[in-house]
Amino acid sequence: MNQSLSSNESVRSEKKKIIVLGSGPNRIGQGIEFDYCCVHGLLAIKECGYEAIMINCNPETVSTDFDIADKLYFEPVYWEHLWEIIEFEKPEGVIVQLGGQTALKLAKKLTEKGIKIIGTSFDDMDIAEDRGRFSDRLKELEIPYPQYGTAHTADEAIEVANQVGYPVLVRPSYVLGGQRMRIVINDDEVETAVISLLKHLPGNTVLIDHFLDRCQEAEVDAIFDGEDFHVMGVMEHIEPAGIHSGDSNAVLPAFNLTPLVITTMEYYSEKIARALNIRGLINIQFAIKDGKVFVIEANPRASRTTPFIAKAYQIPYLNIATKVMLGAAKLRDFKFEKKLEGFAIKEPVFSFDKFPGVSKELGPEMKSTGEAIRFIKDLRDPYFRMLYKERSMHLSR
């Protein structure tokens with residue numbers, strides 16, 4: 001029997017439903033980490049009594065196993081496919097915090113159509129995503145950040161670069177894995193970088209940040225429920241700022257930062273979470289230069305380090321964060337006992353043998369294709385000492 005192309009084999013139930021958006025096909029900059037987030041989110045949704053619906057199109061992931069969600073739509077994570085499913089299922093809302101940047105990018109369309117975003121609202125997420133708005137908010141909060149400016153043409157970009165001072169980081173807004181980010185040191189390089197960026201991402205606003213050279217980088221992953229703020233973990237990067245966080249070795253907990261720097265990072269993180277009305281997850285990246293803490297960026301979603309922290313500390317953070325997003329629980333309903341003896345190191349995994357022509361120098365554009373965890377008892381561990389001694393202080397621009 002020929003089935004018509006418009007037929008629909010999905011049977012709609014009367015239960016209240018929550019849709020989770022996955023991250024689509026695995027690609028550099030967005031891998032299996034977000035699949036872990038989606039799986040734990042789906043299980044939490046079921047525990048809260050909703051029907052859990054997954055939309056993703058990657059056969060290599062656990063989130064697309066038939067027994068994880070109550071219902072799986074194996075579809076591309078694009079607006080046209082998503083809208084048809086929403087019209088049919090009529091969910092209570094959609095979770096975009098668990099599927100990386102791909103899911104987050106659909107928040108604007110969902111909001112325009114009147115679909116409820118579960119957790120942080122689109123406008124509050126957009127403040128963090130729009131680097132210009134975010135820097136303005138940091139200024140209001142009196143939180144230090146690298147000097148920056150925005151441009152729409154190469155000439156404007158050169159003007160801004162001279163104002164903020166070289167070296168500068170040239171980057172587009174709303175991108176994944178540091179795509180098309182470049183560190184540049186003069187007017188000619190700015191012009192080349194901006195022309196290339198606008199050719200590939202037409203209409204995008206170009207951001208020009210003063211690049212803090214040779215400084216430490218660290219990041220905080222946290223959950224905020226509107227009242228209480230919980231720091232899941234503070235990670236210190238072994239490589240300097242300027243190497244994409246997905247490509248750097250990160251140590252949990254921080255091993256070489258002063259208590260004052262760590263307290264300052266946690267204080268700024270809470271201030272930002274409150275100012276952005278975060279409900280659920282947030283990841284904030286910092287640069288530390290001469291003891292001063294600067295905020296580089298904030299991601300109002302699960303980051304690729306969230307599963308790493310959950311596994312290292314043996315705390316079901318994604319389950320907790322999803323219940324917070326749904327309003328089904330508050331942070332004070334949970335006990336947080338961190339079970340980690342020694343340190344955990346997030347190690348990037350590279351596939352350079354499969355891409356022989358690719359430059360192996362690390363920079364602001366992500367090149368790793370995954371990550372692993374290594375547990376060490378203490379900082380005398382020979383592997384850690386070698387890693388720290390041989391860390392790459394040279395960036396590819």
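In this predicted model, the side chains of D209 and R171 pair up in a salt bridge, with an N to O distance of 3.0 Å. D209 sits in strand β8 and R171 in strand β6, so the contact ties together parts that are 38 residues apart in sequence. Both partners are tucked away: with buried meaning under 20% relative accessible area, D209 counts as buried at 8% and R171 counts as buried at 3%.

That pair is one of 15 salt bridges in the structure. Another links E347 to R374, the closest N and O atoms being 2.5 Å apart. Here E347 belongs to strand β14 (residues 343–349) and R374 to strand β15 (residues 370–376), so parts 27 residues apart in sequence are tied together. E347 is buried at 13% relative accessible area, whereas R374 is partly exposed at 32%. R274 is partly exposed at 37%, and so is E270 at 28%. Salt bridges also join E227, D228, K330 and R332 into a network.

Strands β6 and β8 turn up again around helix α7. In this helix (residues 154–164), A154, A157, I158, V160, A161 and V164 are buried. Viewed down the helix axis, the buried residues of α7 fall within an arc of 165 degrees, so they line one face. Their cover includes β5 (148–151), β6 (168–172), α8 (187–200) and β8 (206–210). On the face turned away from the buried side, α7 carries the exposed residues D155, E159 and Q163. After the helix comes G165, with a positive phi near 95 degrees.

Technical notes. Residues numbered from 1 in each chain as written. Predicted model: local features only at pLDDT ≥ 70, side-chain atom pairs only at ≥ 80, totals over all residues. Heavy atoms only, no water. Buried < 20%, exposed > 50% of the residue type's maximum accessible area, 1.4 Å probe, protein only. Helix = DSSP H or I, 4+ residues; strand = E, 2+ residues; numbered from the N terminus. Arc of directions from axis to C-beta. Contact = heavy atoms within 4.5 Å. Salt bridge = Lys/Arg side-chain N within 4 Å of Asp/Glu carboxyl O.
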